[in-house]
Amino acid sequence: MMQVQYMKPFYTKITGDKLRLVFAYQYFSILKENEIFHFIPIEGKEMIINLKTQQIENLSEVFVFQKGNRFIRLPLYQLLLITNVHEHLAPILDSVVPQPQIQPAVTTVSVGEIDQLLAELEGKNFDHLIDRALAENNKALFFDLLQQKSHQFGGFEIE
């Protein structure tokens, strides 16, 4: 199996939902049997990636790599199958295409803030129950709730 040794686009351009990665000399190299072959742009020199589907569209493009007087010609689809080119494409795509920022669902709050929030909610709940007791003209419940609220949250005494 061949491995991508180095891969950095010489030029990138986004047009609509297409990303063009153009490669030049010394910007792309593969390792085959412990020998490094460098990309030469004599045939194909670009990858066109659909940003919506994250798929490469010009799979028949032929990339040529050279070491001395030896050449390796690989159609892009074959390069994708027999090398680790995907590992090198992922960071390129991440750097070129801005990823949406995900906001944390829960914010950091202190124990004191939680205690204060709970106290406020309990106080509002007592107020709601007191209003209900008044609406139902339930004096016993009204005075009982006032007494509980006074003991729990401090304040006035009912005699």
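Predicted model: local features only at pLDDT ≥ 70, side-chain atom pairs only at ≥ 80, totals over all residues.

**Helix, pocket and rings**

Reader: Which residues of helix 3 are buried?

Author: An α-helix has 3.6 residues a turn, so residues three or four places apart point the same way. With that in mind, the buried residues of helix 3 are Gly123, Phe126, Ile130 and Ala133.

Reader: Which element gives the largest share of the lining of the largest pocket?

Author: The largest pocket has a volume of about 200 Å³, and its lining consists of Ile49, Gln54, Gln55, Ile56, Leu59, Leu80, His86, Leu89, Ala90 and Leu93. Two elements give two or more residues to this lining, namely strand 7 (55-56) and helix 2 (85-96). The largest share, 4 residues, comes from helix 2.

Reader: How many residues of that lining are nonpolar, polar and charged?

Author: The lining includes leucines such as Leu59 and Leu80, and also Gln54 and His86. Divided by class, the residues of the lining are 7 nonpolar, 3 polar and no charged.

Reader: Is Asn50 buried or exposed?

Author: Asn50 has its place in strand 6, residues 46-50, and, leaving aside residues up to four places away in sequence, it touches Asp17, Lys18, Gln55 and Glu57. Its relative accessibility is 10%, and because buried means under 20%, Asn50 counts as buried.

Reader: What kind of aromatic pair do Phe28 and Phe65 form?

Author: The structure holds 10 aromatic pairs, and in this one the ring centres of Phe28 and Phe65 are 5.2 Å apart, with their planes at 85 degrees. The pair links distant parts of the chain, with Phe28 in strand 4 and Phe65 in strand 8, 37 residues apart. Phe28 is buried, at a relative accessible area of 0%, and Phe65 is buried with a relative accessible area of 0% as well. Since planes over 60 degrees apart count as edge-to-face, the pair of Phe28 and Phe65 is edge-to-face.

Reader: How many residues apart in sequence are the parts tied together by Phe39 and Phe63?

Author: Phe39 and Phe63 form a tilted pair, 5.4 Å centre to centre with 45 degrees between the planes, and both residues are buried. Phe39 lies in strand 5 and Phe63 in strand 8, so the parts that the pair ties together are 24 residues apart.

Conventions: Residues numbered from 1 in each chain as written. Heavy atoms only, no water. Buried < 20%, exposed > 50% of the residue type's maximum accessible area, 1.4 Å probe, protein only. 1 Å grid on protein atoms, 1.4 Å probe; cavity = no way out; pocket = protein on both sides within 12 Å on 5 of 7 lines; lining within 4 Å. Points joined across faces, edges and corners; volume = space filled by probe spheres on them. Nonpolar A, V, L, I, M, F, W, Y, C, P; charged D, E, K, R; others polar. Contact = heavy atoms within 4.5 Å. Phe/Tyr/Trp six-rings, centres within 6.5 Å; stacked < 30°, edge-to-face > 60°.
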